[in-house]
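Here's a quick tour for anyone meeting this structure for the first time. Have a look at the sequence and the model, then read on.

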Amino acid sequence: MSNHVYKSLELTGSSATGIEDAVGNAIAKAHETVRNIQWFQVTETRGHVVDGKVAHWQVTVKLGFTLE
């Protein structure tokens with residue numbers, strides 16, 4: 001395995017469907033402009049409640065990508 005140097009960035013994805021979709025949305029959007037994404041870490045999860053039910057999820061993730 002090669003020695004890698006990673007840079008990380010923090011994003012918040014959202015979804016009305018669930019936590020996994022919120023994470024996926026953040027990664028998909030980052031993938032549009034960031035190359036070599038290698039890992040993610042969920043750092044915060046929160047949601048919006050309407051009429052006693054979860055209406056929306058927000059998940060903050062830290063993404064790591066290798067530098068070229």
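Three strands make an open sheet, in the order E1-E3-E2, with antiparallel pairing. Strands here are DSSP runs of at least two E residues, helices are runs of at least four H or I residues, and both are numbered from the N terminus. Two strands count as paired if DSSP finds at least two bridges between them. This is a predicted model, so local features need pLDDT of at least 70 and side-chain atom pairs count only at pLDDT 80 or more, while totals for chains, interfaces and linings use all residues. Residues are numbered from 1 along each chain as its sequence is written, and side-chain values use heavy atoms, leaving out hydrogens and water.

- E1 and E2 are the edge strands, each pairing on one side only.
- From one strand to the next, the twist averages 15 degrees.
- E1 and E3 run antiparallel and are joined by 10 bridges. Along this pairing, glycine 13 has valine 59 of E3 as its bridge partner, and leucine 11 stands opposite valine 61 in E3.
- E2 and E3 pair in the antiparallel sense too, over 12 bridges. Here histidine 48 has histidine 56 of E3 as its bridge partner.
- The hairpin of E2 and E3 has 2 residues between the strands, and aspartate 51 takes a positive phi near 55 degrees there.

**The helix**

- H1 covers residues 19-31, so to speak 13 residues reaching 18 Å from first C-alpha to last, close to the 18 Å expected at 1.5 Å a residue. That expected span is 1.5 Å times one less than the number of residues.
- Ala22, Val23, Ala26 and Ala30 of H1 are buried (under 20% relative accessible area with a 1.4 Å probe, protein chains only; exposed is over 50%, partly exposed in between).
- Those four sit on the same side of H1 because they cover an arc of only 100 degrees around the axis, taken from the directions from the helix axis to the C-beta atoms.
- On the other side of H1, Glu20 and His31 are exposed.

**Where helix meets sheet**

- The buried residues of H1 pack against strands E1 (6-15), E2 (37-50) and E3 (53-66).
- Valine 23 touches Phe40, Val42, Val59 and Val61, leaving aside residues up to four places away in sequence; contact means heavy atoms within 4.5 Å.

Key. Axes fitted to C-alpha atoms, helices over the stretch in contact; angles between N-to-C directions.
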